[in-house]
Amino acid sequence: MNNKSILSLLCGAMALTAAAAPDGAPVEYLDTLGYDLNPVVVTGTGMHQRLKSTAVPVEVITGHELQAAGLNGLQEALTMMVPSLSFSPNAMGSYLRLNGLTNSHVLVLVNGRKMVGDISGNIDLSQIDINLIKRIEVLNGAASTLYGSDAIGGVINIILDEDTDESQFTTDSRYTSKNRFDQSLSLALRAGKVGSFTGYNYSHSDGWQNSHYTDDDGELVETLSQLSLGYTSNNLTQRFTYDPTERLSAYAEGTYYNKCLDRPVVRDYITGGSKYNNFYESFTWGAGATYRLGALGNIKFDYSGRTYGQWYKYLVESGHYLPGTYQRTKRQDYHEAELRGLFNFTDNSNTIFGMDYRHDRLERPDSDLDKGLSTFSVYGQHEHRLWDHFTGIAGVRYDNHQSIGARVTPKVSLMYNVSDFNLRATYAMGYRAPGIDELYYHMLKPMGSRHTITFGNRDLSAETSNYVSVNAEYRTSRFSASLTGYLNFVKNMVTSSSTKFTAMTTEQQDALIEEFPEINDIKTSTLTVKEYYNFNKATVKGLELNLSGTPCNGLQLSANYSLAYGRGLNDDGSWQRLNRSVQHSATVTANYFRTWGFYKLNVNLNGRIQSKTYYPGDADGNAPGYGVWNLTTRHTFSCFRTYTLTPGIGIDNIFNRRDNRPLNSNFALYSPGRAVVVSLAVNFR
């Protein structure tokens with residue numbers, strides 16, 4: 001879809017939203033919408049504030065909106081509801097992009113703690129049960145002052161709704177054609193000062209092909225490779241809370257997660273098969289406590305740990321591995337301990353002090369790699385209401401990173417507020433230390449039907465960014481409009497180049513064969529060499545428009561548009577688009593609620609439109625743009641004494657959009673086409 005179509009669609013949504021009814025709707029009316037235009041947020045400033053009052057703009061998706069949309073998992077929800085976000089699924093998780101920057105520049109948090117996935121930045125968002133989410137907060141731009149390394153492009157904070165004042169049991173089932181099934185169970189118990197929350201999620205999906213062919217040196221040949229791999233996953237969560245006094249509260253939690261991919265088995269007469277499936281297993285554990293100082297504030301301590309492992313589970317005999325046996329290919333460990341104090345020294349100010357210790361470790365047998373890196377940090381931030389209409393924030397962080405040394409990252413924000421109008425300006429510095437993989441990898445790895453040689457670069461410099469944004473916002477209880485313009489200047493951006501083995505000189509090929517003799521056993525047309533290096537600099541210029549409103553009783557509309565123009569400067573003085581960046585994207589949602597006695601109807605229509613995805617210098621070319629629309633209906637029956645029933649039915653990808661190009665192309669749309677979705681939620685109280 002071209003840019004003119006995107007703008008026309010947004011103009012239509014703006015006209016409908018601008019017709020919102022006058023301010024001052026009763027609270028009961030807003031509750032029936034399941035939608036709050038002024039929720040409490042924490043990610044922007046590190047303290048709980050109303051969205052309208054925070055000096056740093058944050059985009060919010062509430063749990064009510066996620067339930068109403070009825071989307072198939074967290075990744076699809078973020079894709080369809082946040083235009084600045086896009087994903088490319090792969091065997092290691094999902095390659096995420098936010099405002100032109102890649103997954104390595106975006107920090108994903110769960111309840112404020114770093115979510116660890118594949119070392120290269122791919123995050124498997126299926127580890128998060130969408131039914132347990134209270135809200136998602138998306139903060140654009142550099143945020144290293146509060147969050148340290150990796151927060152150059154932004155922060156995604158997933159807040160889980162695991163604490164409850166009453167006991168309840170919920171089951172939620174969802175089936176989508178193409179044999180995709182999700183089952184979630186949750187049990188919340190409360191007995192005096194002790195609380196317990198248990199959650200379990202099972203997810204299964206068959207893989208699919210939109211094309212049965214791949215390009216092999218200019219010739220289309222049949223392949224077993226799939227556009228989206230099948231998988232089966234299990235996720236168990238347990239959290240205990242204890243509130244011994246009004247001032248003190250504590251928690252302990254842990255999770256277990258596993259996922260096994262379902263690749264097609266290798267065959268002699270057709271390409272694209274595999275000798276193994278990828279198997280992933282993760283354990284997390286954590287504990288913490290908060291001590292409240294009354295009106296003065298509170299002090300918090302949190303510790304979290306995680307181990308994440310990857311194995312090959314063999315489907316056929318390979319070397320000395322028999323079918324059903326496992327070969328460990330990767331292990332990652334992460335530990336973080338943080339002490340933070342939030343103080344209200346005066347009636348019109350808030351101050352945060354904190355210290356943080358993190359340790360990352362990566363073990364990779366096929367690269368002879370076993371390396372750990374640590375970071376120690378101290379930080380502080382002060383927010384002050386200067387005069388009747390001005391609020392200012394100033395903060396600074398000091399990090400001592402084992403591989404790059406000391407870093408200082410400041411931040412300054414200013415907000416001017418008059419009634420329902422806010423004007424905000426922010427400057428923030430960010431940094432990212434090169435990953436252990438980018439520094440030390442040295443290996444040849446099969447990736448589906450392809451093979452990649454990856455060379456780390458120990459001379460990589462740390463990335464730094466300077467982020468500036470200006471935001472204008474008008475927000476009432478019935479209507480909100482927000483416009484943000486930003487510039488993000490990144491120096492020493494770590495990127496990679498990929499060269500096909502067959503495009504190299506004979507001398508280069510011979511040198512690689514000497515270093516990796518196993519090249520002689522594979523088809524060289526499937527082999528690519530990947531090397532890391534630093535751009536001199538990169539810039540992202542962007543604009544974001546967000547509109548939401550309730551034009552009539554029971555109807556909520558929203559339209560969001562993102563423009564991100566990102567380029568990197570090479571050593572030879574040439575500029576190129578940032579890899580996998582998207583310049584134009586938009587999301588539109590129409591949500592209708594209506595209640596008749598014990599029956600509540602919810603109809604949700606959501607769509608995403610985006611322009612092409614850039615793959616500069618890639619022989620497979622750019623990925624074309626697309627537009628996808630989903631329709632979901634949910635029907636809640638509350639006529640039973642101890643439980644409610646909520647069946648649902650809908651259609652994903654109403655207009656059956658699919659990308660049917662050969663399977664070695666670059667893709668942005670991974671949908672198998674139109675699909676029917678049925679669901680059933682039961683809540684016992």
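**Entry 1.** I began with E338, which is buried at a relative accessible area of 8% (buried means under 20% relative accessible area, exposed over 50%, and partly exposed in between, with a 1.4 Å probe and protein chains only). I noted that this is a predicted model, in which local features need pLDDT of at least 70, side-chain atom pairs count only at pLDDT 80 or more, and totals for chains, interfaces and linings use all residues. Residues are numbered from 1 along each chain as its sequence is written, and side-chain values use heavy atoms, with hydrogens and water left out.

**Entry 2.** I looked up the partner of E338 and found a salt bridge with the side chain of R113, at 2.8 Å from N to O (a side-chain nitrogen of Lys or Arg within 4 Å of a carboxyl oxygen of Asp or Glu). R113 lies in strand β8 (residues 113–114) and E338 in strand β20 (residues 326–343), so the pair links distant parts of the chain, 225 residues apart (strands are DSSP runs of E, at least two residues, numbered from the N terminus). R113 is also buried, at 12% relative accessibility.

**Entry 3.** I then turned to D399 and R397, whose side chains form a salt bridge at 3.0 Å, N to O. D399 is buried at 1% relative accessibility, and R397 is buried with a relative accessible area of 1%.

**Entry 4.** I examined R661 and D659, which meet in a salt bridge at 2.9 Å, N to O. R661 is partly exposed at 24%, whereas D659 is buried at 8%. I next recorded a network in which salt bridges with shared partners join R113, E336, E338, R340, D356 and R358.

**Entry 5.** For the whole structure, I noted 22 salt bridges.

Notes. Helices (H or I, at least four residues) and strands (E, at least two) are DSSP runs, numbered from the N terminus.
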